[in-house]
Amino acid sequence: AGSDADASVPITWGECKSGYVSECAAIPMPLDHAKPDGETIDFYVARYPAATQPAKRQLWLLPGGPGQAGWVFGKSAAALAAMMPDTDLYMPDHRGTGYSHRLTCPAQDQEGTYGGLNLDPTQVGPCLDALKKKGDFEKLPYFTATQAAADTLAAIAKTRAPGQKVYVWGVSYG
């Protein structure tokens, strides 16, 4: 299957999953950006559209972690939007987190930890076994900061209007 990461394919914005704000989309991205026509994964992005349209700028809020999901900005999005009424806010989930092809080991993840789920270091072996069973183990080399940055750049290209300024604010890993 080919990649839909190019700017010519429109994004369908719709209802968000719980904890996310305004409108969301799952944008197909190449698993390996060096092979744009290869396997794709979903890159989940929440968008808080500018009050004044068309928006003059975009602000991409990249979560930290490493590996936090964009939902961490949900509580502050309305306040940020009020301060910047001409700015579309974008809050993506880095690949492997949230709804961007989340890498998870349900039997090993610990609920109630920072960010909702965390992996106890003693559970790494069983978690890797679970990823193998799920078919995600061989994809691990593509869950890197470099690939995550390429996802963000491709999504910016896909959402940016001609002449629209783009700002990126990253926290830690972001």
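Reading from the N terminus, the elements of the chain follow the order β-β-β-α-β-β-β-α-α-β, which amounts to three helices and seven strands. Helices here are DSSP runs of H or I with at least four residues, strands are runs of E with at least two, and both are numbered from the N terminus. Please keep in mind that this is a predicted model, in which local features need pLDDT of at least 70 and side-chain atom pairs count only at pLDDT 80 or more, while totals for chains, interfaces and linings use all residues. Residues are numbered from 1 along each chain as its sequence is written, and side-chain values use heavy atoms, with hydrogens and water left out.

Of the 174 residues of the chain, 40% count as buried, where buried means under 20% relative accessible area, exposed means over 50%, and partly exposed lies in between, with a 1.4 Å probe and protein chains only. Among contacts (heavy atoms within 4.5 Å) with a separation of 6 or more, 70% come from residues 24 or more positions apart.

Let me turn to the disulfides, meaning pairs of cysteine sulfur atoms within 2.5 Å. How many does a search of the whole structure find? There are two, and with the bonded cysteines numbered in sequence order, the pairing is 1-2, 3-4. One of them joins Cys16 to Cys24, with 2.1 Å from S to S, and this link is right-handed, at 95° about the S-S bond; Cys16 and Cys24 are both buried. The other joins Cys105 to Cys127 at 1.8 Å from S to S, and that link is right-handed as well, with 60° about the S-S bond. This pair links distant parts of the chain, 22 residues apart, with Cys105 in the loop between β4 (87–92) and β5 (109–113) and Cys127 in helix α2. Cys105 has a relative accessible area of 1%, so it counts as buried, and Cys127, with 8%, is buried too.

A nonpolar core is a set of buried Ala, Val, Leu, Ile, Met, Phe, Trp, Tyr and Cys residues joined through side-chain atoms within 4.5 Å. The largest such core has 14 residues, of which Tyr20, Cys24 and Met91 touch the most other members. At least two residues of this core are supplied by each of β2 (40–48), β3 (57–62), α1 (77–83) and β4. Leaving aside residues up to four places away in sequence, the contacts of Met91 include Val21, Tyr44, Leu61, Phe73 and Ala77. Apart from this core lies another, of eleven residues, including Ile11, Phe43, Trp60 and Ala155.

Not counting residues up to four places away in sequence, Lys56 touches Asp86, Gln164 and Lys165. The C-alpha atoms of Lys56 and Asp88 are separated by 8.1 Å, although these residues are 32 apart along the chain. Elsewhere, Leu128 is found in helix α2 (residues 124–134), and its relative accessibility is 30%, so Leu128 counts as partly exposed.
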